Amino acid sequence: MFFSKKLKKFKNIKHCFFSRKNGFSNGLYESLNCGLGSKDHKENVLKNLEFVSKNIGCEKESLITMNQKHTNQVIYFKNLESVKNKLDGDSIVTSVKNVGISVLAADCAPILFYDPIKKIIGCAHAGWKGAYNGIIKNTIKKFNDLGSKSNNLIAVVGPCIDKKNYKVKTDLLYKFTDKDKNNKKFFDVDHNKSYTFDLRGYINNEITSLNVKNIENIEKDTFSEKNFFYSYRRSFVNKEQDFGRFISVILMT
């Protein structure tokens, strides 16, 4: 379990970047796998989600996950009646209290947001596709539409794959540099003449460019820290059949 120093200062905010520990799953999914989309036993995943809801302090029905598809789609809960589980999207923004909004990840970055002035929380799922497609921009825009000023926002970027382990092909470099030639700074050539991509660096740059300056990073590498995190890429390299997802949650009381 990992926490933000910035968010821990607020008594009305509960949050956690959960690791893969302290759950009920076995084998590849050991142990706190919260991904119902995995091939893990459903009853184990449900037990894991109940464990998370108890730790974050909400009813299990009030722990909300998304059907994430690497889009730029933001879900907005206007009131308690609008809160629904498993909607399609990669971000949630809300001012509804006692609802745990969450992100599932396995190399992509979970991002938690809070505006302490307007009392609005948010979470976003940002892999390269989501970040490239504008999920961060759209999430912050939703805050702005609700009256939040960007310079009041706190953004916490959680555990994700480190640049040294994120090898990519030339086409991804060209995709990003075609969009903005300055994006080249997020790619390095490794010793095999392939590229590595700095996902965390790109995300931080996106957040900063939207006038959010109050940023914190949970500097953990999902690929190399096998005891703490699931990793899609590590599972692929190891030719494993599937992988779990760890969960990150924020709740306002």
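Helices (H or I, at least four residues) and strands (E, at least two) are taken here as DSSP runs, numbered from the N terminus. The structure is a predicted model, in which local features need pLDDT of at least 70 and side-chain atom pairs count only at pLDDT 80 or more, while totals for chains, interfaces and linings use all residues. Residues are numbered from 1 along each chain as its sequence is written, and side-chain values use heavy atoms, with hydrogens and water left out.

The protein chain contains six helices and 13 strands. Its radius of gyration, taken over C-alpha atoms, is 17 Å. The C-alpha trace spans about 50 × 45 × 30 Å along its principal axes. Of the contacts (heavy atoms within 4.5 Å) with a separation of 6 or more, 63% are between residues 24 or more positions apart.

Burial was assigned from relative accessible area with a 1.4 Å probe and protein chains only: buried means under 20%, exposed over 50%, and partly exposed in between. By this criterion, 53% of the 253 residues are buried. The accessible surface, from the Shrake-Rupley method, comes to about 12200 Å², and carbon and sulfur atoms account for 48% of that area.

Helix α5, residues 199-209, is mostly covered, with eight of its eleven residues buried. These are L199, R200, G201, Y202, I203, N204, E206 and I207. The helix is followed by N211, which has a positive phi near 70°.

S38 is located in the loop between β1 (13-17) and α1 (42-56). With a relative accessible area of 9%, S38 is buried. Its side chain forms a polar contact with the side chain of N33 at 3.0 Å; such a contact is a pair of N or O atoms within 3.5 Å, where within protein one must be able to donate a hydrogen and the other to accept it, and residues adjacent in sequence count only if both atoms are side-chain atoms. Apart from neighbours within four places in sequence, S38 is in contact with Y29, N33, D242, F243 and R245.

Helix α6 covers residues 232-237 and includes F236. F236 counts as exposed because its relative accessibility is 61%. Together with Y232 and V237, F236 makes a nonpolar surface patch of about 350 Å².

Technical notes
Patch = residues over 30% accessible without salt bridge, like charges linked within 9 Å, V, L, I, M, F, W, Y side chains within 5 Å. Areas by Shrake-Rupley, 256 points an atom, 1.4 Å probe, with all protein chains shown as cover. Salt bridge = Lys/Arg side-chain N within 4 Å of Asp/Glu carboxyl O. Rg over C-alpha atoms; globule rule 2.2 N^0.38 Å.
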